[in-house]
Amino acid sequence: MKNFIAFIVGLIFAMGLGISGMTQTQVVRGFLDVFGDWNYSLIGVMAGAIFIHSIFFYFIKKKSSPLLDSKFHLPTRKDLDWRLITGAGIFGIGWGWAGICPGPGIVAMASGNMDIIIFIAFMLVGMGLFKLIENKIK
Amino acid sequence: MINAIIGGVLIGLAVSLMLLFNGRVTGISGILGGIIRPQKNDLYWRVFFIGGLLFGGFILQYLRPTAFIQLSSALRVDYMIAGILVGFGTLLGNGCTSGHGVCGISRLSVRSIVATFTFIIFGIISVLIFKLVRGSL
């Protein structure tokens, strides 16, 4: 059942990305191109998603557990460390460079676009590299 | 803009379902990262989630193929370098646009707010440099 929910969540998430235009690199880079021809639709996506999820989060967190698990798996850390900032910075550079982040990249692979498939393949390489050195930078 | 908001609402509903039923944050980089080196009894929901994203992609490709028109002057090598940076950076920084940007900000997590601010700033710088070097996006 958890697997089914995860599948449905992925499906709805993909629809949201597709309808909002986030599966197009020019829309994402257009948002980051604040000194050029600025496209602010990413703000609409973030605002819509955060508005809805904030309300749901407020009510869901009052429950003692989720419907299909014994406990919530939420991050508890509050410290700002160098990994968070450096990681976000490195991600940001890559995000602007190609205009793709993990979600839209996976969804857009379905279009068969070779650039995007290669992006995701190299993203997995980047993730693998991190896993290799993870213990050394803790 | 209305499509952007509708899409955002769908994303908000999707991540809320994940929290309500599975008690999980819908952070796509983290979910993928957990597939690369899976822990016991923690693999299948991740694979099904990614399967749902891909299946959604195929439905979009069928119903709304314009969602995948890409206009970019980026070269193949740009996608390779950017891919590595995104993969490494999201795992080092514990999240991407979905986990930090949507889920984290909705929880008012200071870490996520700082991370989102950081990757947007660096994204803006990256786009700026790309335009300076290549002449166009």
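Reader: Which residues in α6(A) meet α2(B), and which residues of α2(B) do they meet?

Author: Start with the rule. Two residues are in contact if their C-beta atoms, placed from the backbone, lie within 7 Å. Helices (H or I, at least four residues) and strands (E, at least two) are DSSP runs, numbered from the N terminus. Here A:M127, A:G128 and A:K131 of α6(A) meet B:L32, B:G33 and B:I36 of α2(B). By class, this contact has 3 nonpolar, 2 polar and 1 charged residues. Ala, Val, Leu, Ile, Met, Phe, Trp, Tyr, Cys and Pro count as nonpolar; Asp, Glu, Lys and Arg are charged; the others, Gly among them, are polar.

Reader: What should I know about the model and its numbering?

Author: The model is predicted: local features need pLDDT of at least 70, side-chain atom pairs count only at pLDDT 80 or more, and totals for chains, interfaces and linings use all residues. Residues are numbered from 1 along each chain as its sequence is written, while chains are lettered from A and ligands numbered from 1 in the order in which they are written.

Reader: At what angle do α6(A) and α2(B) cross?

Author: Axes are lines fitted to C-alpha atoms, for helices over the stretch in contact, and angles run from 0 to 180 degrees between N-to-C directions. The axes of α6(A) and α2(B) cross at roughly 65° and come within 10 Å. α6(A) is therefore roughly perpendicular to α2(B).

Reader: Is the crossing of α6(A) with α2(B) left-handed or right-handed?

Author: Compare the near helix with the far one. Turned anticlockwise by less than a right angle, the crossing is left-handed; clockwise, right-handed. α6(A) passes α2(B) in a right-handed crossing.

Reader: How do α1(A) and α3(B) pack?

Author: Their axes are 7 Å apart, at an angle of about 35°. The crossing of α1(A) and α3(B) is right-handed. On α1(A), the residues that meet α3(B) include A:F7, A:V9, A:F13 and A:M15. On α3(B), the partners include B:W45, B:F48, B:F49 and B:F55. The contact of α1(A) with α3(B) holds 16 nonpolar, 7 polar and 1 charged residues.

Reader: How many residues does each chain bring to the contact?

Author: Chain A brings 101 residues and chain B brings 99. On chain A, each of α1, α2 (25–32), α3 (41–60), α4 (82–98), α5 (102–109) and α6 (114–133) supplies at least two residues to the side that touches chain B. α1(A) gives the most to that side, with 18 residues. The side of chain A that touches chain B has 61 nonpolar, 30 polar and 10 charged residues.

Reader: Which residues touch the most other members of the largest nonpolar core?

Author: A residue is buried if 20 or more other C-beta atoms lie within 10 Å of its own, exposed if 12 or fewer, and partly exposed in between; C-beta atoms are placed from the backbone. A nonpolar core is a set of buried Ala, Val, Leu, Ile, Met, Phe, Trp, Tyr and Cys residues joined through C-beta atoms within 7 Å. The largest core has 85 residues, and A:V9, A:F119, B:A14 and B:L85 touch the most other members. Helix α1 (residues 2–20) of chain A gives the most to this core, with 11 residues. Beyond its neighbours within four places in sequence, A:V9 is in contact with B:A14, B:L17, B:M18, B:T26, B:F49 and B:G52.

Reader: How many residues of α5(A) are buried?

Author: 8 of its 8 residues are buried. Among them are A:P102, A:I106 and A:M109. Their cover includes α1 and α6 of chain A, with α2, α3, α4 and α5 of chain B. The axes of α1(A) and α5(A) come within 10 Å and cross at roughly 90°. The two helices are therefore roughly perpendicular to each other. A:F13, A:A14, A:L17 and A:G18 of α1(A) meet A:G103, A:P104 and A:V107 of α5(A).

Reader: Is B:N94 buried or exposed?

Author: B:N94 is buried, with 23 C-beta neighbours inside 10 Å. B:N94 lies in the loop between α4 (76–92) and α5 (97–106) of chain B. Its phi is positive, about 60°, although it is not a glycine. B:N41 also has a positive phi, about 55°, and is not a glycine. B:N41 sits in the loop between α2 (28–36) and α3 (44–63) of chain B. B:N41 is exposed, with 7 other C-beta atoms within 10 Å.

Notes. Parallel < 35°, antiparallel > 145°, perpendicular 65-115°, else oblique.
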